[in-house]
Amino acid sequence: MTKGLRIAVAGGGVFGLASALALARAGAQVSLHDPGPAGANASGVAAGMLAPVSEALTDPTALPHLDLMMAALDLWPDFARTWDLVLDRRGALLLGDEARLATLSLSARHLGIDLPALKADQLPAFPGGYGAAINGALRVQADQRIDAASLGGLAKAAAALGVRFSVAPPPAQDLDWLVVATGPSRDLVAEAPELAALEPIKGHILRYGDLAYDGPVLRGPGAYAAPAAAGLLIGATMETGIADPQVQDDVASSLARASIAIFPGLADRSWTPAAGVRAATPDGLPLVGPGRTPGVILAAGARRNGWLLAPLVGAMVCAYALGQDPGIWADRLSAGRFSA
Ligand SMILES: Cc1cc2nc3c(=O)[nH]c(=O)nc-3n(C[C@H](O)[C@H](O)[C@H](O)COP(=O)(O)OP(=O)(O)OC[C@H]3O[C@@H](n4cnc5c(N)ncnc54)[C@H](O)[C@@H]3O)c2cc1C
């Protein structure tokens with residue numbers, strides 16, 4: 001039965017690729033359609049933090065979803081092993097002054113999480129050291145990281161499994177399912193009216209290609225530093241309502257300036273900016289599952305956590321397509337939850 005399923009996935013970001021991989025592995029005939037250059041999307045510019053705990057502690061929108069995000073993180077070791085990706089399990093450090101660290105520590109304890117404290121002289125070596133306002137850190141061992149360049153590895157794995165890549169639109173007929181994983185795009189809103197619930201949130205990130213840092217993710221107030229294959233990453237901004245993915249020099253420069261208070265060694269170093277557009281629903285969780293148009297499954301709206309959620313979303317899309325139980329998060333993520 002599965003072998004006969006013909007499925008087109010629209011969108012070659014991490015949601016589309018995770019869905020295509022799960023479906024192809026289950027034996028479906030899968031084509032993946034994306035008019036854009038590979039990696040020219042939010043997935044390609046992301047820092048790749050798989051960070052349920054840090055996100056819950058620093059982003060009020062993510063806080064109610066810690067349980068779901070932890071469940072998504074649990075799928076990562078197997079996902080990385082299956083698709084030959086390198087998972088960075090060195091965790092994250094939440095940096096700050098005494099007041100910030102005390103607040104974060106208390107919030108963590110309310111969530112039942114104990115975060116060991118590090119003093120300033122216990123922080124990992126960082127080029128140029130830390131700003132005067134950084135008195136120490138809390139260690140978040142649960143958080144992990146994947147390099148966004150892994151998107152290429154996922155595409156390679158999909159091609160090896162027989163997924164056919166195309167820049168043409170998905171076919172209008174002879175399909176069992178159309179999976180709409182088009183990120184913030186509304187191109188397919190006629191097929192998937194639920195996409196109208198998505199709001200764009202643009203984000204800038206900076207790459208310091210000549211700076212080497214190889215340690216845990218460092219999350220300060222207003223900026224984070226993450227190691228990456230192509231050089232140190234400093235992120236990230238949130239421009240709500242902006243869907244244009246072009247870099248805005250003033251926004252990138254303000255991120256560079258803000259990061260110097262935490263990482264003074266970045267002053268006068270050169271950086272290359274990138275921008276991507278996240279798609280967000282009102283509750284911060286993606287739309288995953290059948291839409292109201294027969295034959296359409298949605299997988300879009302990951303906000304800040306698309307990499308973290310991708311293995312869960314891919315598995316759920318596959319379960320829906322195969323008529324299997326999508327699991328315990330189906331209601332929380334249902335595609336129609338914002339539709340009249
Ligand atoms: C600066 C920044 C930092 C981030 N850091 C992190 C992080 O550390 N951890 C984390 O988990 N998440 C992070 N995110 C969020 C994460 O990048 C996104 O949630 C995730 O990449 C969304 O994946 P996606 O596949 O849904 O969408 P996208 O990656 O946007 O992919 C959508 C794809 O759909 C294609 N498309 C558009 N229209 C059509 C069409 N009509 N037909 C076919 N294809 C179409 C586009 O070309 C694109 O390739 C970050 C985002 C940004 C911007």
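The domain assignment, whose bounds are automatic or taken from a database, gives domain 1 (2–45 + 148–197 + 282–333) and domain 2 (92–141 + 199–280). This is a predicted model, in which local features need pLDDT of at least 70, side-chain atom pairs count only at pLDDT 80 or more, and totals for chains, interfaces and linings use all residues. Residues are numbered from 1 along each chain as its sequence is written.

Q: Is Arg303 buried or exposed?
A: Arg303 has a positive phi of about 50° although it is not a glycine. A residue is buried if 20 or more other C-beta atoms, placed from the backbone, lie within 10 Å of its own, exposed if 12 or fewer, and partly exposed in between. Since Arg303 has 24 C-beta neighbours inside 10 Å, this residue counts as buried.

Q: Is Asp84 buried or exposed?
A: Asp84, also not a glycine, has a positive phi of about 60°. With 11 C-beta neighbours inside 10 Å, Asp84 counts as exposed.

Q: Which residue does a cis peptide bond join to Gly235?
A: Most peptide bonds are trans. Here, with omega at about -25°, a cis peptide bond joins Gly235 to Ala236.
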